[in-house]
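Q: Could we go through this structure together? I would like to discuss its packing and its charged pairs.

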Amino acid sequence: MTPPAGDRDPTHTPVRVLLCDDHAVVRAGLLALLSSAPGIEVIGEAGDGEEAVALAAALRPDVVLMDLQLGSGIDGIEATRRIAGLPEREAGREAGREVECDDGRDVEREAGRADGRDDGREAAGRGAAGRGAPHVLVLTTYDTDADINRAIEAGATGYLLKAERPEELFSAIRAAAAGRSTLSAPVAHRVLAQMRSPRPGLTDRELDILGQLARGLSNREIARALFISEATVKTHLGRIYDKLGVDTRAGAVSVAKEQRLLP
């Protein structure tokens, strides 16, 4: 699935990785796993999206391993968008500068503790020199069309599922560091299926009706709420069913939630 690593010499240029997952146990597991991989070095951990963006800006890792669901605050999609949009840092610029998260922690020092170094700021100064925006590799359990599309549009280099074997994860990280795209097989299948048979998106009016549908309103109540006729509601519902590939109201709401079409 993923080309073998051959672009980097793991003994001289390890891939510097930042972990972002809101579950401490998951981060600990990933840290232990990646520590066993030659040529991969974890330089920091983030428990939420804002912290991931701050650490990525400070440490300039080669790859950010990003989960999508991050509890409160910005999600993995928005964090990916911000990280992918980071400006290139000039060589030596702001070396050793302290960068703080919203909660006041020194994120560079925090990152240094993650891999056993006492002074994360020194590592940040070295890592920031001459680095562009890090590559973001999504690592998640979610494989819906909506999640995949949003991640790719936000600038993710790859999209991997947590069910992958460790060797696939290692290979994907190295590929992402080299700027190569990597998709888990199920994700690649969904992307190809979309390309072959793309479904038209819902219009604003159809989204309005879908939202009312999720509230459990009847056709008559939807018509009153949106100041349209019942016949118009039925017409829109038919189009919504076709676009979502369902034939019931409950099915439409279920798919809409799965694809995050509802607020």
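This is a predicted model: local features need pLDDT of at least 70, side-chain atom pairs count only at pLDDT 80 or more; totals for chains, interfaces and linings use all residues.

Q: Which residues touch the most other members of the largest nonpolar core?
A: They are Val 17, Leu 34, Leu 65 and Ile 173, in a core of 20 residues. Strands S1, S2, S3 and S4 and helices H1 and H7 each give two or more residues to this core. The most come from H7, with six residues.

Q: And is there another core, and what does it include?
A: A second, separate core has 19 residues, among them Leu 213, Val 233, Leu 237 and Ala 252.

Q: Changing topic: is Thr 140 buried or exposed?
A: Thr 140, which lies in strand S4, is buried, at a relative accessible area of 0%. A polar atom of the Thr 140 side chain lies 3.2 Å from the backbone nitrogen of Tyr 142. Beyond its neighbours within four places in sequence, Thr 140 contacts residues including Asp 67 and Lys 162.

Q: How many salt bridges does the structure hold?
A: There are eleven. One of them joins Arg 150 and Asp 75, with the closest N and O atoms 3.3 Å apart. Arg 150 is in helix H6 and Asp 75 in the loop between S3 and helix H3, so this pair ties together parts 75 residues apart in sequence.

Q: What about Glu 206 and Lys 243?
A: Their side chains form a salt bridge at 2.8 Å, N to O. The pair links helix H9, which holds Glu 206, to helix H11, which holds Lys 243. Glu 206 counts as buried at 2% relative accessibility, and Lys 243 is buried at 16%.

How values were computed:
Residues are numbered from 1 along each chain as its sequence is written. Side-chain values use heavy atoms; hydrogens and water are left out. A nonpolar core is a set of buried Ala, Val, Leu, Ile, Met, Phe, Trp, Tyr and Cys residues joined through side-chain atoms within 4.5 Å. Buried means under 20% relative accessible area, exposed over 50%, partly exposed in between (1.4 Å probe, protein chains only). Helices (H or I, at least four residues) and strands (E, at least two) are DSSP runs, numbered from the N terminus. A polar contact is a pair of N or O atoms within 3.5 Å; within protein, one must be able to donate a hydrogen and the other to accept it, and residues adjacent in sequence count only if both atoms are side-chain atoms. Contact means heavy atoms within 4.5 Å. A salt bridge is a side-chain nitrogen of Lys or Arg within 4 Å of a carboxyl oxygen of Asp or Glu.
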